[in-house]
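Take a look at the model below.

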Amino acid sequence: MVNIEIDGISLEAEQGDMIIEVADAAGVSIPRFCYHHKLSVAANCRMCLVEVENIPKAVPACATPVADGMKVQTRSPRAREAQKSVMEFLLINHPLDCPICDQGGECELQDIAMGYGGDVSQFSEGKRVVVDPYIGPLISTEMTRCIHCTRCVRFGTEVAGIRELGATGRGENMSIGTFIEKSVDSEISGNIIDLCPVGALTSKPYRFSARAWEMGQVPSIASHDCLGSHVNIHVRRGEIMRVVPRDCETINECWLSDRDRFSYTGLESKQRLLQPRIKEKGQWKNVEWQDVFEHIVTKLGGILESEGPEQVGFLAHPSSTTEELYLLQKLARGLKVENIDYRLFQQDFSAQQSDPDYPGLDLTLSDVESLDAMLVIGANLRKEQPLLNIRLRKAAQENGAAITLVNTISPDLNYEPHSNVLLSPQAFADGLRGILKALYLLKGDIPPEQLNSLNVDSWQQVCAEKLLESPNVAVILGAQVSDWPNYHEVREVARLIRSLTSASGGELSWGANAAGAAIAGMVNGESGFNSYEMLENTLQAYVLWGIDPRFDVADPLQAVTNLKQAALSICVNTHYDETTETWADVMLPMAGFGETSGTYVNCLGNWQSFTGAVNPPGEARPGWKILRVLGNFMQLNDFNYTSTTEVIDELRGSICNKLSSAWKAQEGTPHSYSGSELTRVGTHALYRCDSLIRHAVPLQRTKDNTEHSVGLNESTAHRLGLIDGQKIRVRQSGDWLPMVLDIDNALADNAVRVDIGFEGSEVLGLIHKPIYIEGVSE
Amino acid sequence: MAKPEPCLTELLPQEAIASIDHWISKYPPGRQQSAVMAALTIAQDHHGWLTEKLMNGIADYLKMPRIAVYEVASFYSMYHLEPVGKHVISVCTNVSCMLCGSDSVVEHLSKRLGVKLGQTTSDSLITLKEVECLGACGGAPMLEVDKQYHENLTEQKIDEILAGLEK
């Protein structure tokens, strides 16, 4: 510790801290543009010049480390003069276009110019003008306003791990951009909007739609991945104008993924469901809530009576709120229905009794950063939980963590893993068992007999050594694994690996609230069907909560067929389209993100409640209210809630033991994999994971969403007589889907990569199941 | 899914690759991107100017982000990002040269060649380029023809230089 003095205030500081960090912590404000606490120090804007005793010139506070006895003046005449001079220089080329600039009113340059700028510039020559590059559908550029702080460039290098922007040219001709015209494709690119201290980089969907001072701010929780990032919803006159990150050091730091930032644009879609609708004699008609509830009571009541509760199924999207899920299962169980599920992509339920209380991790995200070794199984984190990937990348780059990745598809990487192994679905479990065997041998134990026939390859040996030798290790199962037909087999091997090491870890899940769903009891009872059985067997009635069966379930084809055949298919959702009309019989309009209060439980086990920011449009109502009234209409007891707080308190009150994400040991032999030749592998498409995202037009226009292809390795393609870039078509149980072939040599032999959920993929079937592929003549 | 781009070894002759490798070998292992300026110079010497393909090839060859190569190539005035004539005349117009009359040097050259700064003669023989300080302030005003400095310029001297340029 050293003692320093800033503006006469005595402060203690850590050796190596920069003046600006100490000042920030003490609440002394120093103007700055290029400095950002999450980025490296560039010291190129010079705005933070301060006077330090015994140093003849003003020094940049962001790049001057503290020393014992240092006396800093941030407002002395000399400091002020330096700051004012820099301000004048920065304003030389900056246009005076604040009235037409989106940043106006929340602009760091504008704010600081108020305090440090002169009223007249000495510069009377022409200002420079920079041509604006196109960098994609999410970010608008107005590069004439750029003051070259390079925060966006450093963010790309240091956080996003993909350097897309740079400072090209020299002197007056220097400009920030991509140099050649290309879009910025990082999955967390939107953060440069927040980082930009001027109006050079602004949000394209929000552009010209509101002023900062017109909006109110409502804290909320993002609804698309299991981290539950903290956000602020900006609201003007009952309308959500934009979503920005809310600082939360333990979850999202100050960042937000593009998915969480721009998904709100889907709320204003023309395909919002705004009115309860009933299909009568093949004709759709809009009705009042009273009518639709009465209709459901008659129809559903009739089916329950005549066919029995085992002919009714309740399915919910894992991004529903905990309150909705709790009430939905309470409603189902009140009606004696045990066919209840949220695990919409799961195929393997063989060892369900070994499931933890909730899917999640038993370590914090800052623990992840300080890990020394990691085994990550079946995850493409950049496209699944983008902000978790930031932590993993930090572990790899700053902590030198040895990360072993084992996948069926090549993950998008922005760091160097220790090893990056691709296995076919057929070889997957045995690949992990190789690590297990190596662990037994390293510990001097005799491996169980079943492992005798396995060889230990060098990657398995090294992975085992790292997991045993390093002090902080983790084994993380990606959400992809839960889709596989041998999910429980893979999970059991992962559990055994953890039990032989001191590894923490757990599993990730799809949606924002799988943990909440599990805790709320949104899973089938012992006599009930799980999601897979519900949709493979034709039931008489289905309630689909927040689900579009074309994209949100494991086997879309089978699901839609069965929904069409059912006597009653109730769709409760935020959006609908003409295909919904083909399978649904009743549609209930539900409130979406920001329109309802609720609680999400993230993969860390945090219960995060939020309030609604705006009222839902039209006749749409918050899900919990719909269920509350439906419960009353169905004459169930204890459905008289007046708020989500009452619901969540009831759920909390019913939990006796401390909830755990630890996997329990499995009994009996697991479902092992018996796959055929060509097998489909893939992950969930980044911007297709729920109805809101699918209607968020800017996200749908990104490269991540528009470029889908079929991946094969070269030898498999050669055997099939196919070449790179060729037009092909693929088929599972339904129609052929025309696609383009992409040779991806990282894939295992006979693995065919076709992702899940993109537009068109609904004609395909299950993941890790046979797929047919053939060339199409041009 | 990156579209296959030609790699550097396909774009440059073997001896150019060998000399890039020679420059890489001057730096510690893993610091191969320190050779970026040399690689750009070598590529330009062989091709005349730096195409996007060449810069991408160099980026991939040196395992660095492409934008980082663009940054270097666009910073230094000796790299040509557009096609140039057989000879490139680079006139310094920085402070020392300006004070010693670089404006009239530029004017004279423009008149003689019939092109403005940044343009190439219609016979593709000569490109006239304005550059930043070339570090020859003692001999201001100065210009550089290809890789040869000419200092203390007068109109007569410029005419001699132009006359001496091979077609």
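This is a predicted model: local features need pLDDT of at least 70, side-chain atom pairs count only at pLDDT 80 or more; totals for chains, interfaces and linings use all residues.

Visitor: How much space lies in the second largest pocket?
Guide: A pocket is an open set of points on a 1 Å grid over the protein atoms alone, where a 1.4 Å probe fits, with protein on both sides within 12 Å along at least five of seven lines; lining residues have an atom within 4 Å of a point. Points are joined across faces, edges and corners, and the volume is the space filled by probe spheres set on them. For the second largest pocket that gives about 990 Å³.

Visitor: Which element gives the most to the lining of the second largest pocket?
Guide: Strands are DSSP runs of E, at least two residues, and helices runs of H or I, at least four, numbered from the N terminus. β8 (175–177) of chain A, α5 (66–75) of chain B and β2 (126–131) of chain B each supply at least two lining residues. The most, four residues, comes from β2(B).

Visitor: Where does the second largest pocket lie relative to the domains of chain B?
Guide: Domain bounds come from an automatic or database assignment. Domain 1 (8–75) and domain 2 (87–163) of chain B both give lining residues, so the pocket lies between them.

Visitor: How far apart do the C-alpha centres of these two domains of chain B lie?
Guide: The assignment gives domain 1 (8–75) and domain 2 (87–163). Their C-alpha centres lie apart by 28 Å.

Visitor: Which are the edge strands of the four-stranded open sheet in chain B?
Guide: Strands pair if DSSP finds at least two bridges between them. The order is β2-β1-β3-β4, with mixed pairing. Pairing on one side only marks the edge strands of chain B, β2 and β4 (148–150).

Visitor: In β4(B), which residue stands opposite B:E144?
Guide: Strand β3 (residues 143–145) of chain B runs antiparallel to β4(B), joined by three bridges. Opposite B:E144 stands B:Y149.

Visitor: Which residue in β12(A) is the bridge partner of A:H234?
Guide: Chain A has an open antiparallel sheet in the order β10-β11-β12. Six bridges join β11 (residues 230–236) of chain A to β12(A). The partner of A:H234 is A:R242.

Terms used:
Residues are numbered from 1 along each chain as its sequence is written. Chains are lettered from A and ligands numbered from 1 in the order in which they are written. Side-chain values use heavy atoms; hydrogens and water are left out.
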